[in-house]
Amino acid sequence: MHFVQLIFVYIVLCLSDLSAKTNDFNPYEVLGLSRTASDKDIRQAYKKLAKHWHPDKNSEPNAHEQFTKINAAYEILSDSTKRQNYDEYGTTSQDNHRGFNTNHFRDPYDIFRAHFSGDFNFFHESPTGAKKFIHTREFLSNILPNSDKKPYVLFGSTNFCSTCRQPLGIFRALEKQFNDVGIGTAEFNAHDQRLSNELGISSAPSLCVISQRRVYHFNDHGKITEYTESNVKEFVRKSIPIKRFIKILQTPDDILSLISSYNKTNRVYAILITKQKAPTLKFVIPCLQQLTRIQCALLNSSVMMTSQLPSFLKPISTLSDTVLFFKEDKNPIAVIRDNDLTFENVQKLFESNQLLHLPTITSSNVFNLVCQTNSAKPCFLIIGDPNLFEQYRSSFVYLAKQLFEQHGLRMAYLDSSATQQISFSKIFSPIYPPNDKRLLIVVIRRWFDDTVELVNTEIEFDGKSLNEFKRNNFNMAADIEANLKLYLTIRWQNIKKFTLPTIFDFDDRNENVLIIITNLIQDKWNYWFERNSIVRSLSVYVFTYQFLLFFLSILIYFFYAKTNSSSNVQNDLKQPRRSYFSSSAAATTTMNRRPSEIYRESTKATKLNEFDESFLQIYTDPNASNAIIILLIAETPNDSCVEYFHRQIRLIS
């Protein structure tokens, strides 16, 4: 108790000393001016002293404190209202006559920048020297929402940051490398409070990666020496969830299994063959951009040394990176290797080949790519029985390839059954009754986003004609192609206009439920912890040896406290039991005491009494005090529950 009183007295003295120092603050003395100084004199004195005491130029220990006082003094004397209040009351507010605290004033560096603008950049270029400089609005409206397709590397600094020079130079040296693989880069002012709060930034310099709508921080509270090109590049790579979106293949046979599943996934496939452990980012970023339409995979070239290879893999070099692009065929439609393997070439290939030769309408995205709005070219849809279509898909794939290669016309299959795009069944019902075992081709034109023009081409197939189509695929496909290309030039007859039906989305990735739940948890964790500067600042101390020693000492304390408690219980049990007379006497004594005295009694005074008729008569007497009797019935005095009962009685006492 005496120790607590000493601490209280010490705190009071410290606060009194601080209050005295605060009240002694005189803005005129700080700037070396008299009370009759003009506004011009105040500005000149401020500029002279601010330049001299700026912490980036003055190495004295009290430079920052003196610089803060100079700016606080200038803020008072440059404002006529504050100056008048100080002259009359000794404070800047009439509501407080006890002095003022310099911590309540504006950021001294903001005042300094307002006077010296960009002419006082001692250590690095001003923000205008950056390739791209962002603010909160662009971050929230553009960078964060689109980071699932285009990651960003952001660097935060201030105009007067002595430790920002080296990290900034490394960031700007890496900017071109990041931009060349499709990663955006930008700088921001760490004093932008709103943006810093969104990013979870508490200090400068600060480098972070925005990926998949999450924020990842580099070298959080670490050493400046950790800012090296290799460390930054490795951090950026780890911040992009490569393994989640790029399938890892173990053998060349896995390629055949993957590309054979196109009819189930409705996706094209891009496979990178590399000797590196991780895929190059110039392949990864295009994969993220076309995630809904293209399935990317990775095969390490080392497995090609020991496996029997498919024919298309035999000419592939194991020394350099190669990208193979597949659609319905078992042979790649495109191969990019060596110097041609650039981000621009991969991106261009992906953008121009988002669809299979004959895709299925599984989402509005696919429908919009097949049947484009306000296009002079129509599109063709195969409708009808899904089992029949799957049986003869390869024949229609050849027809679709010919139409696109010769005339740039797209063809797709649309399943209007109850489990797929059922909303289309209404507009197809006049020409295709439900449960009809046929396939037919319709032509569609879209002038507006929400309407379609539809014409039945009257080209239809039943089981017999489909068999003939399969046997004589080349000739029949040529005849059908000749009929369909007429819709580019002829005037359409019997046009029917419809409002575009609802298109259900079946393009979601077939991910494991555990992966989905884990991803949701990671999103929440990143938002509440990684983007919270206070939590991140505290987390730094959790992983220090001082915290571990503190935590270990607490565990040791509780361990010995529990051990001592158990020892006391054992000692109490070893003591002989009291007789009836001594026990009742003790009970009587306790009842006659005042409550305060009972609570102050040591728990060691609590003993077990023998329960018999004589003991019961004490409390059944009409003149006896009220009491609560806790009764234990045990077979023997050494029963194990007796010890537990005694321990609980001690807790109650």
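**Stop 1: a strand on the inside**

Select Cys379, Leu381 and Ile383, which point one way from strand β10. β10 covers residues 379-384, and because six of its six residues are buried, the strand is largely enclosed by the rest of the structure. Keep in mind as you look around that this is a predicted model.

**Stop 2: the neighbours of β10**

Keep β10 on screen and select residues 410-414, which form strand β11. β10 and β11 run parallel and are joined by five bridges.

Next, select residues 439-445, strand β12. How do β10 and β12 pair, parallel or antiparallel? Their pairing is antiparallel, over six bridges. For an example, find Gly384 and its bridge partner Leu439 in β12.

**Stop 3: the whole five-stranded sheet**

Colour the strands in the order β11-β10-β12-β13-β14, and you have an open sheet of five strands with mixed pairing. The edges are β11 and β14 (496-499), each of which pairs on one side only. Ignoring direction, neighbouring strands in this sheet are turned against each other by 35 degrees on average.

Then show residues 473-484, helix α21, which lies across β10, β11, β12 and β13. α21 runs at about 150 degrees to β13.

**Stop 4: a second sheet**

Now look for the strands in the order β2-β1-β3-β4. They make an open sheet of four strands, again with mixed pairing. Which strands are at the edges of this sheet? They are β2 (184-189) and β4 (214-218), each pairing on one side only. Here the neighbouring strands are turned by 25 degrees against each other on average, direction ignored.

Zoom in on strand β1, residues 152-157, which runs parallel to β2 and is joined to β2 by six bridges. In this pair, Phe155 has Glu187 of β2 as its bridge partner.

Staying in this sheet, select Ser206, which is found in strand β3 (residues 206-211). Why does Ser206 count as buried? Its relative accessible area is 8%, and buried means under 20%. Leaving aside residues up to four places away in sequence, Ser206 touches Leu154, Phe155, Gly156, Ile201 and Tyr227.

**Stop 5: two pairs of helices**

Two packed helices are described by the angle between their axes and the distance between the axes.

Begin with helix α4 (residues 63-77) and helix α5 (residues 80-89), which pack at an angle of about 100 degrees with their axes 6 Å apart. This angle makes α4 roughly perpendicular to α5. Show side chains for Glu75, Ile76 and Leu77 of α4, together with Lys82, Arg83 and Tyr86 of α5: these make the contact. Sorted by class, the contact of α4 with α5 has three nonpolar, no polar and three charged residues.

Then move to helix α8 (residues 165-180) and helix α10 (residues 229-239), whose axes come within 10 Å and cross at roughly 50 degrees. That makes α8 oblique to α10. The crossing of α8 past α10 is right-handed. From α8, the contact uses Ile170, Ala173, Leu174, Gln177 and Phe178; from α10, it uses Glu229, Val232, Lys233 and Val236. By class, the α8 and α10 contact has six nonpolar, one polar and two charged residues.

**Last stop: zoom out**

Of the 653 residues in the chain, 40% are buried. Finally, among contacts between residues at least 6 apart in sequence, 72% join residues at least 24 apart.

Terms used
Residues are numbered from 1 along each chain as its sequence is written. This is a predicted model: local features need pLDDT of at least 70, side-chain atom pairs count only at pLDDT 80 or more; totals for chains, interfaces and linings use all residues. Side-chain values use heavy atoms; hydrogens and water are left out. Axes are lines fitted to C-alpha atoms, for helices over the stretch in contact, and angles run from 0 to 180 degrees between N-to-C directions. Helices (H or I, at least four residues) and strands (E, at least two) are DSSP runs, numbered from the N terminus. Angles under 35 degrees count as roughly parallel, over 145 as roughly antiparallel, 65 to 115 as roughly perpendicular and the rest as oblique. Contact means heavy atoms within 4.5 Å. Ala, Val, Leu, Ile, Met, Phe, Trp, Tyr, Cys and Pro count as nonpolar, Asp, Glu, Lys and Arg as charged, and the others, Gly among them, as polar. A crossing is left-handed if the near helix is turned anticlockwise from the far one by less than a right angle, and right-handed if clockwise. Buried means under 20% relative accessible area, exposed over 50%, partly exposed in between (1.4 Å probe, protein chains only). Two strands pair if DSSP finds at least two bridges between them.
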